[in-house]
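Me: Could you go through this model with me, starting with how far to trust it and then moving on to the packing?
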Amino acid sequence: MRLRVAWLFLFLFLFSSPRSWADAASEEAKRLYAKGNQHFALAEYEQAVASFKEAFRHKEDPALLFNIAQSYRQMRGQEQNAIRLYRSFLQRSPNAPNREEVERKINELEKTLSGQPPSEPNPATPTTLTVAAQTAPPRWVAVKGAVPS
């Protein structure tokens with residue numbers, strides 16, 4: 001009996017669709033992303049970082065790196081982490097539509113670290129991730145100022 005159960009699990013494991021695994025990971029990433037946005041809205045930045053990082057572990061979307069950086073930017077003493085994550089975002093998303101904004105944020109953080117006053121206020125909003133057309137595999141895109149549906 002145990003042998004039959006073991007063979008059944010092996011069969012299911014070998015022949016189950018990797019796409020279904022990807023779908024499950026994507027759904028979990030969306031759930032964690034939403035949780036991160038809730039934490040961010042409540043100024044619970046450490047929890048937001050944790051949720052966004054966990055979402056990134058499920059789906060390596062560069063927009064999540066931007067959200068992590070945005071959260072770090074709000075935390076005193078985490079400027080270096082914010083800069084590192086912004087740069088990682090730009091490295092993984094070189095044609096990001098918000099590239100100039102991100103580079104400006106990096107410059108402002110570097111000025112802050114060097115003791116220079118920032119030149120303008122830094123509004124903080126996490127990036128909204130949206131799913132592309134249903135015909136292609138899900139792909140999230142950073143959209144400035146959008147609200148998740």
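Me: What is the mean pLDDT of the chain, and what share of residues reach 70 or more?
Reply: This is a predicted model, and the mean pLDDT of the chain is 78, with 63% of its residues at 70 or more.

Me: Where does pLDDT stay under 50?
Reply: One such stretch is residues 5-17, for which the model has two contacts beyond four places in sequence. Another is residues 143-149, and there the model has nine contacts beyond four places in sequence.

Me: OK, on to α3. How far does α3 reach from its first C-alpha to its last?
Reply: Helix α3, which covers residues 45-58, has 14 residues and reaches 20 Å, close to the 20 Å expected at 1.5 Å a residue.

Me: And which residues in α3 are buried?
Reply: The buried residues in α3 are Tyr45, Ala48, Val49, Ser51, Phe52, Ala55 and Phe56.

Me: Why does serine 51 count as buried?
Reply: Serine 51 counts as buried because its relative accessibility is 6%, and the cut-off for buried is under 20%.

Me: What does serine 51 touch, leaving out residues up to four places away in sequence?
Reply: With those neighbours left out, serine 51 touches Leu32, Lys35, Gly36 and His39.

Me: Switching to rings: how many aromatic pairs are there?
Reply: The count comes to four aromatic pairs. One of them joins phenylalanine 40 and tyrosine 45 in an edge-to-face arrangement, with 5.2 Å centre to centre and 75° between the planes. Phenylalanine 40 and tyrosine 45 are both buried.

Me: What about phenylalanine 66 and phenylalanine 89, how are those rings arranged?
Reply: Phenylalanine 66 and phenylalanine 89 form a tilted pair, at 5.4 Å centre to centre and with 55° between the planes. This pair links distant parts of the chain, since phenylalanine 66 lies in helix α4 (residues 62-73) and phenylalanine 89 in helix α5 (residues 79-92), 23 residues apart.

Me: Is phenylalanine 66 buried or exposed, and is phenylalanine 89 buried or exposed?
Reply: Phenylalanine 66 counts as buried because its relative accessibility is 3%, and phenylalanine 89 counts as buried because its value is 1%.

Me: Last one: which residues form one aromatic cluster?
Reply: Phe66 and Phe89 form one aromatic cluster together with Tyr86.

How values were computed. Residues are numbered from 1 along each chain as its sequence is written. This is a predicted model: local features need pLDDT of at least 70, side-chain atom pairs count only at pLDDT 80 or more; totals for chains, interfaces and linings use all residues. Side-chain values use heavy atoms; hydrogens and water are left out. Helices (H or I, at least four residues) and strands (E, at least two) are DSSP runs, numbered from the N terminus. Buried means under 20% relative accessible area, exposed over 50%, partly exposed in between (1.4 Å probe, protein chains only). Contact means heavy atoms within 4.5 Å. Rings of Phe, Tyr and Trp (its six-membered ring) pair if their centres lie within 6.5 Å; planes under 30 degrees apart count as stacked, over 60 as edge-to-face and the rest as tilted. The expected span of a helix is 1.5 Å times one less than its number of residues. pLDDT is the predictor's confidence in each residue, from 0 to 100.
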